[in-house]
Amino acid sequence: MSIYKFILIFVFLGFAGGCTSFEVVNEPVPDILQAEKVCLVEHDDTREYFKTALKEWLREQGIKPDVYPQGASTDICEWTLEYKGRWSWLVGLYLADANIIAYHDGYEAGRVRLDVGKWDGHKWEDGRQRIFKLMDMLSGKVDHYDLSQKNKSEDFF
């Protein structure tokens with residue numbers, strides 16, 4: 001009888017894995033790489049780690065980050081970023097979803113969003129690495145989570 005319980009659990013986990021969501025939105029804005037300074041509007045409910053990783057990425061690109069409190073206007077600088085991240089717990093802490101919006105002169109210019117499902121393998125990615133990947137995507141450098149290639153290969157079979 002215990003073999004049946006094992007099979008039942010295995011089948012359940014297989015179905016649960018099939019119900020996972022991995023959603024990516026990428027509307028890049030390559031011009032942000034030409035900025036000398038980018039203002040970050042803090043999101044109080046997002047861990048400090050997110051802001052720190054954004055600042056590191058900007059500095060690596062030769063861009064000076066300038067931080068403003070939550071609620072600051074998006075036209076405070078020529079280029080402004082608003083961000084939001086949510087961490088979740090499943091055996092370990094992981095960045096479950098992230099949203100970064102770029103504004104140029106107060107108007108939305110681009111965005112990147114990632115929502116990782118509970119059973120998705122991407123969830124174990126380091127938070128800093130994920131934020132860096134999202135900023136690479138927002139700046140048009142590379143699309144790390146290009147799902148169109150995955151979907152094309154699945155359609156082939």
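## Salt bridges across the fold

Start with Lys-37: its relative accessible area is 34%, so this residue is partly exposed. Keep in mind that we're looking at a predicted model. Side chains of opposite charge can pair when their charged atoms come close. How many salt bridges does the structure hold? There are eight.

Which side chain does Lys-37 meet in a salt bridge? The partner is Asp-66, with 3.7 Å from N to O. Lys-37 sits in strand β2 (residues 37–41) and Asp-66 in strand β3 (residues 64–68), so this pair ties together parts that are 29 residues apart in sequence. Asp-66 is partly exposed too, at 21% relative accessibility.

Now for a pair that involves helices. Glu-60 and Arg-128 meet through their side chains in a salt bridge, again 3.7 Å from N to O. Glu-60 belongs to helix α2 (residues 48–60) and Arg-128 to helix α3 (residues 127–138), so here the parts tied together are 68 residues apart in sequence. Glu-60 is exposed, with a relative accessible area of 52%, because exposed means over 50%. Arg-128, at 30%, counts as partly exposed.

Next up is Arg-111, which forms a salt bridge with Glu-108; their closest N and O atoms are 2.8 Å apart. Salt bridges can also share partners: Glu-42, Glu-48 and Lys-51 are joined into one network that way.

| Pair | Distance |
|---|---|
| Lys-37 and Asp-66 | 3.7 Å |
| Glu-60 and Arg-128 | 3.7 Å |
| Arg-111 and Glu-108 | 2.8 Å |

Are Arg-111 and Glu-108 buried or partly exposed? Arg-111 is partly exposed at 22% relative accessibility, and Glu-108 is partly exposed at 41%.

Methods:
Residues are numbered from 1 along each chain as its sequence is written. This is a predicted model: local features need pLDDT of at least 70, side-chain atom pairs count only at pLDDT 80 or more; totals for chains, interfaces and linings use all residues. Side-chain values use heavy atoms; hydrogens and water are left out. A salt bridge is a side-chain nitrogen of Lys or Arg within 4 Å of a carboxyl oxygen of Asp or Glu. Helices (H or I, at least four residues) and strands (E, at least two) are DSSP runs, numbered from the N terminus. Buried means under 20% relative accessible area, exposed over 50%, partly exposed in between (1.4 Å probe, protein chains only).
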